[in-house]
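Here's a quick tour of this one, written for someone who likes cut-offs spelled out. Have a look at the model first.

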Amino acid sequence: MKLVLKPLVVLLAIMFLTAIIVGCSNEESSSESTGNTEETAEAEQTDEAEESAETVADEMNDSSEDAVDYPTEPITFVVPAGAGGDTDLNARTLGKYLEEELGQPVVISNVTGAGGTVGAREVLDAEADGHTALFFHNSMLLNKILGLVDFSYEDMKLAGIAVLDQGNTFMVSADSEFEDLQDMIEFASANPGEVSIATEVGGFTHLQLLALEKDQDIELNIVDVGGAADKIAALLGGHIDIVPTSLGLVTEYVESGDMRSLGIMAEDSVDLMPDVPTFKEQGVDSSFEKFFFLGFPEETPDEIVEAFSTALEKVVNNEEYVAEANKFLVSPTYMNPQEAFDYMQETEAYYTELSE
Amino acid sequence: MFDLFLEGLTSVMTFKTILFILLGVIMGLVFGSIPGLTATMAIAITLPMTFGMSQMDGMAILMGLYIGGVSGGLIPAILLKLPGTPSSIATTFDGYPMAKNGEAGKAFGYAIVFSFLGGLLSIFILMLVAPPLATIALKFGPYEYFAITIFALTMISSLAGSSLVKGVLAGLMGIGLAMVGSAPIDAFPRFTFGYSGLDAGFNLLPVLIGLFAVAEIIKASERKIKKEKSIEYKMKGFGFSLVDFFKQGWNGLRSSIIGVAIGILPGIGGGTANIIAYVTAKNQSKTPEKFGKGIPDGVVASESANNAAIGGALVPLIALGIPGDTVTALLLGGLVIHGLTPGPLLFQDNGDVVYGIFIALIIANVAMIAFLYFGMRFFTRILSIPKYILLPIILVLCVVGAIGVNNRMFDAGALLLFGILGYLMLKYKFPVAPVILGFILGPLVETNLRRGLMYSQGDFLPFLTEPIAAVFLGLAALSIIFKIRDNHKKKRKKLESLDNTNNGI
């Protein structure tokens with residue numbers, strides 16, 4: 001009797017656990033789906049309400065203050081990059097000031113993996129209540145262009161662009177034989193595939209390299225070494241010849257004499273980094289600008305996005321914030337949702353052309 | 001250097017800062033001791049709160065959390081066979097059997113003292129030789145990482161327990177599980193069956209807690225509820241004599257050095273350090289058969305290695321601004337937010353803060369040993385709570401921890417699934433530790449193999465011609481050959497003894 005009972009109990013325990021799992025996941029999906037329909041319904045309603053409100057407001061000469069109750073809980077910035085990189089750094093700095101503006105804590109959640117697509121997807125699937133935002137950059141466009149994912153910025157509600165980084169640079173170690181960009185290009189055209197250059201496959205820097213190869217008709221050995229911190233380690237360790245990165249991330253190493261910049265990919269010389277020549281000045285027609293944007297899930301109500309975007313604008317114009325961001329050589333620049341959308345569309349067209 | 005040391009000392013020796021360190025250590029111990037909650041989580045939650053504090057206070061509380069979080073894991077590992085954090089997996093191997101033999105106090109004594117010593121040694125290494133060590137760590141590129149991780153994978157054979165085949169199978173299962181999700185480098189989704197929830201793959205924490213903790217809880221539910229005789233634990237000092245202590249000296253030192261070395265290499269981290277130190281202690285021991293049955297050497301190896309990994313992980317962070325694992329990555333964020341730029345100039349520009357951090361670490365380490373020593377008596381009382389009340393509470397905490405990793409319900413489901421898997425493995429006598437080792441190391445092997453091949457443009461030769469890589473691959477080969485020979489010998493002995501007994505009859 002006892003012998004039969006024991007496995008039976010265990011079997012029951014396992015069945016019970018399975019039931020919990022299935023139950024949980026069902027509950028989750030069902031609650032999510034009902035949540036979604038409710039929200040879309042809500043969104044539609046609020047859309048209508050907003051329209052009518054707008055007309056009323058128009059009549060009342062635009063005197064209505066946004067009465068939306070937001071944010072009601074801490075806001076999570078999903079950063080699809082590791083802690084310690086420039087994306088993380090910019091998100092944390094911005095978050096610190098947004099916290100004061102919005103009156104709720106801003107929590108940074110680093111969700112790495114798959115060139116940022118894991119984090120981006122997490123935001124797309126998140127509850128559309130304005131408490132989960134994506135903080136990401138150019139790679140969002142690239143992941144779509146390169147076919148990693150089938151979604152892009154059009155599938156989100158953009159809250160705007162907050163920061164521009166014009167310091168996209170090629171770094172070499174201090175004992176490198178390349179003094180400037182032309183040195184490197186000459187060497188590379190004489191020795192195809194000899195110059196090793198770091199990237200994260202499918203990332204922003206990957207595109208810069210493709211653009212350079214195309215523009216100068218050279219062949220580089222493009223090697224994946226990982227994220228921003230890994231790139232620094234690879235260059236300091238002498239594993240790689242050139243590391244494309246953001247100048248703001250490596251100022252310490254320039255000051256200490258460990259690294260040297262070959263130039264930046266900006267359109268014109270940048271005030272924050274006056275001593276660094278641009279690629280254009282060195283005869284290479286390639287200019288890139290890294291932008292950091294914030295986006296919400298598509299169903300997020302407009303007034304929430306608006307409330308957030310307004311707060312964002314205030315922060316970006318806050319001198320204290322600007323001064324702090326300038327320390328990492330990035331320029332806080334506010335673009336509202338529509339401007340951001342247009343900017344990203346334009347950029348996307350350029351990138352698509354380059355990667356073909 | 002001495003000036004800076006004094007400057008650091010004065011900046012830490014304020015009532016408030018020390019209070020923050022103590023607070024950090026206590027919170028860290030709580031997080032570390034609850035299966036599912038880890039040091040990483042404690043730091044991630046606390047980080048934003050430090051923004052409003054002064055540089056030194058912020059760093060003080062974070063260092064306290066780090067030390068406490070890594071050390072707290074030993075409590076459930078010894079008492080309940082549940083590793084509180086990935087860093088204390090190997091502590092369960094011998095700590096729990098010791099507790100079962102009525103030696104919980106002794107196991108605690110060894111674990112606490114050697115956690116302290118391992119931590120202290122690593123802090124001194126960090127203070128004295130961080131820059132040169134970090135430069136050496138930089139020499140490790142993909143070829144070297146590939147070779148080291150392959151070598152570490154061969155450790156599975158020593159964790160296998162009674163059956164080598166089952167151990168290897170378990171290790172392969174871990175590697176297989178790690179392959180679910182986006183592939184490294186090109187992010188191609190594998191084994192997701194079109195289900196986007198699997199795109200990110202499985203997280204280490206649900207896998208670990210599921211296989212170890214949930215599986216143990218299911219197993220405990222097999223037994224009928226009965227009043228367990230509460231065992232009286234003898235507690236006297238640390239539970240061991242000075243002679244015992246010196247017997248463990250070399251073991252503790254070797255394990256600490258392993259911990260520091262693995263901690264320094266960005267990307268491998270404390271989760272593997274304790275297992276590798278344990279295996280090394282077992283292989284070097286004159287009595288390897290006693291491992292797993294409650295030998296203090298096992299506890300000493302695991303606990304000195306995981307705390308030593310703390311100082312190790314801080315070496316590349318402080319000296320070069322390169323984080324080695326998730327915790328140091330978060331600390332890096334903390335440093336930057338407080339206006340310090342980690343990098344080659346940190347020592348030069350902010351020497352006072354750097355030495356302040358060192359001193360905070362030492363104080364946290366002392367606080368850790370004090371809290372654990374005085375807490376020992378209370379922890380063992382946890383065992384007097386009936387299992388049918390205690391285990392469900394722990395299960396709930398496990399689920400909370402799993403969800404907390406990435407705020408996804410998916411992880412809770414994964415946790416329970418791995419719990420069932422772990423239970424089945426226990427039933428069929430498969431060892432569980434190799435799954436974790438395979439799960440952690442598998443992706444490292446793959447990523448570095450592919451990166452190495454990109455460096456060499458498809459040539460496999462550099463993996464064998466680069467000196468460091470060649471040495472480790474050679475060691476890996478030797479380790480496999482020895483294991484096979486051992487296994488043959490054992491089998492032959494078994495056969496012979498069988499023959500003898502047959503002849504006897």
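## Domains of chain B

Chain B splits into domain 1 (1–140 + 241–400) and domain 2 (142–202 + 432–505), with bounds that come from an automatic or database domain assignment. Their centres, taken over C-alpha atoms, sit 27 Å apart. Eleven residues of domain 1 of chain B are in contact with twelve of domain 2 of chain B (contact: C-beta atoms, placed from the backbone, within 7 Å). On the domain 1 side, helix α14 (residues 270–284) of chain B gives the largest share, seven residues. Helices (H or I, at least four residues) and strands (E, at least two) are DSSP runs, numbered from the N terminus.

A caveat: this is a predicted model, where local features need pLDDT of at least 70 and side-chain atom pairs need 80 or more, while totals for chains, interfaces and linings use all residues. Residues are numbered from 1 along each chain as its sequence is written, and chains are lettered from A and ligands numbered from 1 in the order written.

## Where the chains meet

The contact draws 47 residues from chain A and 42 from chain B. On chain B's side, α16 (326–337), α20 (409–427) and α21 (433–455) each supply at least two residues, and α20(B) gives the most, with seven.

## A wrapped-up helix

Seven of the eight residues of helix α3 (residues 117–124) of chain A are buried, so the rest of the structure largely encloses it. Buried means 20 or more other C-beta atoms within 10 Å of a residue's own, with C-beta atoms placed from the backbone. Among them are A:Gly119, A:Arg121 and A:Glu122. The cover includes β1 (75–79), β3 (132–136), α4 (139–145) and β10 (290–297) of chain A, plus β1 (181–182) of chain B.

Conventions:
A residue is buried if 20 or more other C-beta atoms lie within 10 Å of its own, exposed if 12 or fewer, and partly exposed in between; C-beta atoms are placed from the backbone. Two residues are in contact if their C-beta atoms, placed from the backbone, lie within 7 Å.
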